[in-house]
Amino acid sequence: MQHGYVEEYEGLLTDVAASGRRLSRDEVERRRESGERAAREGLALRESIGHHLAAVRAAWPEQPLSRRTTLDLLTAVEQSVDAFCGGFERAQRLAVRQEEAERREFVDDLLYGRSDIGRIAERAERFGLRLSQAHAVAVARGPQAYSEADPVPQRVERALIGRFGDRHILLTTKGGRIVCVAPGDQADVLTYFAKQAFAATGGGQVAVGRPQPGPRGVVHSYEEALGALDLADRLDLDAPVLHAADLLVYPVLTRDRQAMEDLVHSVLGPLRSARGGAETLLDTLTAFFDAGCVTTQAARHLNLSVRAVTYRLDRIHRLTGTDPSDPASRYTLQTAVIGARLLGWPGKGA
């Protein structure tokens with residue numbers, strides 16, 4: 001098939017050697033189209049250029065040429081090869097853009113479950129995934145939104161490939177975040193991804209969903225990872241890596257929103273009557289429970305004296321009728337505090 005391109009080229013060289021003319025615009029365009037066909041048919045550019053140079057030798061007149069004719073012939077060679085390479089590269093760019101569009105469509109279908117399961121699984125092989133097994137998804141976010149062309153996700157991808165090679169891993173971006181899909185039995189991949197993403201984003205945050213089976217499992221694990229990041233925002237969780245498996249209690253608490261709102265209003269509602277509102281006392285309770293109910297640690301976190309924290313806890317006891325230091329009533333109060341943070345109370349008027 002390569003010889004079809006070369007035969008036309010040989011004819012052009014013979015004519016140029018005889019007439020000294022340059023290639024016409026139509027001839028240049030045909031050479032460019034030849035390059036596009038060669039790229040679409042999978043021919044190597046290096047091999048194609050080799051055939052062109054061989055054609056030059058074959059078409060070179062046996063009799064000695066004048067300097068002018070030699071220059072004309074070499075100019076025609078330059079025109080023809082440049083046009084051929086230009087067409088070859090244009091076809092390659094179009095193929096890359098088409099591949100990127102198909103990959104983006106696949107990522108959307110995979111993470112959102114928009115397509116037929118069988119079709120997703122069939123296309124997954126092409127992109128390095130075997131959806132017959134369980135997969136887990138990790139999502140990393142940083143101070144800015146990322147696309148696949150940005151240096152940060154490319155740096156993370158190079159690190160993963162360098163460490164694990166072909167482990168049936170898919171790394172992409174979605175919604176400005178970096179997403180890694182890996183086999184569910186290869187926790188080391190996602191651990192390494194989290195480490196690399198944290199470093200590359202300058203201290204971002206990574207959430208890891210649980211391994212889930214089948215094509216729909218990728219969607220579920222991805223949603224768990226996104227849910228963990230949302231919880232981190234609402235609960236001010238600053239851990240660099242969040243595991244959805246460690247946060248399962250929070251979706252349970254919010255499953256009945258009305259019941260949670262009733263609990264928050266009933267238990268914490270009296271704090272609204274405090275001077276300055278409920279926020280200061282709620283922050284005190286949050287620090288106290290996060291510190292394992294150790295007053296000295298809570299005071300250190302709040303940059304207050306132990307005496308000031310103790311005074312606030314006493315104030316909470318008087319207003320709510322519930323003693324934060326009493327193990328018998330602590331669970332109800334702590335659950336209400338968690339509910340307030342999840343609902344955005346009292347700032348959002350939940």
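Helices (H or I, at least four residues) and strands (E, at least two) are DSSP runs, numbered from the N terminus.

**Entry 1: ground rules**

I am looking at a predicted model, in which local features need pLDDT of at least 70 and side-chain atom pairs count only at pLDDT 80 or more, while totals for chains, interfaces and linings use all residues. I number residues from 1 along each chain as its sequence is written, and side-chain values use heavy atoms, with hydrogens and water left out.

**Entry 2: the sheet**

I looked up the strand order and found an open sheet of 5 strands, β2-β3-β1-β4-β5, with mixed pairing. Two strands pair here if DSSP finds at least two bridges between them. β2 (170–174) and β5 (241–243) stand at the edges with a single partner strand each, so one side of each has no neighbour in the sheet. From one strand to the next, the twist averages 20°. For such angles, axes are lines fitted to C-alpha atoms (for helices over the stretch in contact), and the angles run from 0 to 180 degrees between N-to-C directions.

Next I followed the pairings. β1 and β3 (residues 177–183) run antiparallel and are joined by 6 bridges. β1 also pairs with β4 (residues 205–208) in the antiparallel sense, over 4 bridges.

**Entry 3: strand β1**

Is β1 buried or exposed? I noted the cut-offs: buried means under 20% relative accessible area, exposed over 50%, and partly exposed in between (1.4 Å probe, protein chains only). In β1 (residues 135–141), 7 of the 7 residues are buried, so the strand is largely enclosed by the rest of the structure. A reminder to myself: in a regular strand the side chains alternate between the two faces of the sheet. Both faces of β1 are covered, with His 135, Val 137, Val 139 and Arg 141 buried on one side and Ala 136, Ala 138 and Ala 140 buried on the other.

Contact means heavy atoms within 4.5 Å. Helix α7 (residues 187–200) lies across β1, β2, β3, β4 and β5, and it runs at about 5° to β1. Helix α8 (residues 214–235) packs on the sheet too, touching β1, β2, β3, β4 and β5, with its direction at about 35° to that of β1. In the loop between β4 and α8 I found Pro 213, which is exposed, with a relative accessible area of 60%.

**Entry 4: helix α11 and its neighbours**

Helix α11 (residues 279–290) has 12 residues and reaches 16 Å from its first C-alpha to its last, close to the 16 Å expected at 1.5 Å a residue. The expected span is 1.5 Å times one less than the number of residues. Its buried residues include Leu 281, Leu 285 and Phe 288. The buried residues of α11 pack against α10, α12 (295–302), α13 (306–320) and α14.

How do two packed helices get described? By the angle between their axes and the distance between the axes. The axes of α11 and α14 come within 10 Å and cross at roughly 115°. This contact includes Leu 282 and Phe 289 of α11, and Leu 333 and Val 337 of α14. Its residues divide into 6 nonpolar, 2 polar and 3 charged.

I then checked α10 (residues 257–268) against α14 (residues 327–343): their axes come within 9 Å and cross at roughly 115°. The residues of this contact divide into 10 nonpolar, 3 polar and 2 charged.

Most residues other than glycine have a negative phi, and most peptide bonds are trans. Cys 293, in the loop between α11 and α12, has a positive phi near 65°. Asn 303 sits in the loop between α12 and α13, and its phi is also positive, near 60°. Asn 303 counts as exposed, at 71% relative accessibility.

Which residues does a cis peptide bond join? I found Trp 345 and Pro 346, with omega about 5°. Pro 346 lies in the segment after α14.

Methods: Nonpolar A, V, L, I, M, F, W, Y, C, P; charged D, E, K, R; others polar.
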